[in-house]
Amino acid sequence: MIATTLTTVDASQRTLARQKTREALPGGGKERVRILSAEPLNAETPLEDLGDDLTAQSQFFVRSHFRGPNLSPRGHVLEVVGAVERALRLNPADLEAMGTRTVTMTLECAGNGRTGLTPLPSGEPWGLGAVGTARWTGVPMRALLEFVRPRPHAVEILAIGADRGRPPDTVDEIPFARSLPLAKAKDPDTLLALQMNGRPILPEHGGPVRLIVPGWYGMASVKWLERIEALAEPFRGYYQLDRYVYDHADGNPPTPVRTIRVRSVIVSPRDGDAARRGQVIVRGKAWSGEGVVVRVQIGVDGAEPSRDATLLPPISPHAWRAWEFAWDATNPGGHVLRSYATDAKGNRQTDVGRWNRYGYGNNAAQAVVVTVQ
Ligand SMILES: Nc1nc2c(c(=O)[nH]1)N[C@H]1C(S)=C(S)[C@@H](COP(=O)(O)O)O[C@H]1N2
Ligand SMILES: [Mo]
């Protein structure tokens, strides 16, 4: 969890990490991802590989706080306990029998873009590739709750993963655990997901069963689900109160990190690319947890953005939207391209992200430098 992780992972360790994931996985493991740390596995997708609507499991970014547990795909038991009328233990097949639904959703880590903040906060040194989109198939949490019936005094639903460890500056070993307000748990698209892009969820993405929470940053989507607990009081765990909070170090109390902030990325051309003089098609993705993206503006060379990109039709209310822009690259030399997305609620990206202690939610516009020849 330190900014130097990237430089301490040498090429052989990287290869080792790939081999390890590959050995552990029937699906073939990670392909062409940038490994930030091998254990626990943290890896991001190169931007140029985010061009398709869906991100393959083998290319999807991985964010893990602890070493991933080894769970049995069929024998795994999920417990549903706490302030409920009817506690339950069920395996993935029992869960699936409750009826599934498929939702295409973009998952983004709250730390995505952290390295763009000044001064650099500690934490995984994510570029812009801690984001991906998949078709998630699973049982709505809502259906499970209708079955177990939370008691009237239940206020939150706690999701506990099977991974455990000791976070920095804590004494005890803890599991990765996060709660949702009851209303968010009952969102029809909050899923106990069993499949990702039509296949069982690979171990590093939280199989056999993980949570998927639409519109919220990735920390809410608890992997390796082992226990669900209805709580009569708000959860006060480490990953709820000590991390995943915006702490602006300005004397105000920290506020929880929840909804994904509006953002766009330029997928092509890549930063540092050379382009022939003439028309260059600029392509990218744009998304927001606050509703669909309604506009993407393009700025060239630091001027106020004056032209709009063309938005492709949305593929899902919870997923990114592709866009493209025909750039007249007439002047040779270096040029800076930026994209600014606006969502349905009127939120728009700015040039500089707001610094906060742990480096979350930096949705500043990305700058891509292209040399026209
Ligand atoms: N059990 C568990 N769930 C977890 C995490 C974790 O470390 N342990 N990381 C969270 C974070 S911070 C993110 S961004 C997403 C990443 O999901 P992915 O690795 O499938 O991309 O998982 C979330 N769920
Ligand atoms: Mo995350």
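This is a predicted model: local features need pLDDT of at least 70, side-chain atom pairs count only at pLDDT 80 or more; totals for chains, interfaces and linings use all residues.
Of the 21 residues around ligand 1, which come nearest?

View 1. Phe61, Asp163, His205, Arg210 and Lys223 come nearest, out of 21 residues in all (a residue is near if one of its heavy atoms lies within 4 Å of the molecule). Sorted by type, that shell holds 10 nonpolar, 6 polar and 5 charged residues, with Gly filed under polar.

View 2. Lysine 223 puts a side-chain N or O atom 2.6 Å from a ligand 1 oxygen. For histidine 205, a side-chain N or O atom sits 2.7 Å from an oxygen of ligand 1. Taken alone, ligand 1 exposes 530 Å², and the protein buries 100% of that (Shrake-Rupley, 1.4 Å probe).

**View 3. Confidence across the chain.** The average pLDDT (predictor's confidence per residue, 0 to 100) is 93, and 92% of the residues score at least 70. Residues 1-28 are the stretch to watch: pLDDT is below 50 there, with 42 contacts beyond near neighbours in sequence (heavy atoms within 4.5 Å).

**Notes.** Residues are numbered from 1 along each chain as written, while chains are lettered from A and ligands numbered from 1 in written order. Local features need pLDDT of at least 70 and side-chain atom pairs 80 or more, totals for chains, interfaces and linings use all residues, and side-chain values use heavy atoms, leaving out hydrogens and water.

Conventions:
A polar contact is a pair of N or O atoms within 3.5 Å; within protein, one must be able to donate a hydrogen and the other to accept it, and residues adjacent in sequence count only if both atoms are side-chain atoms.
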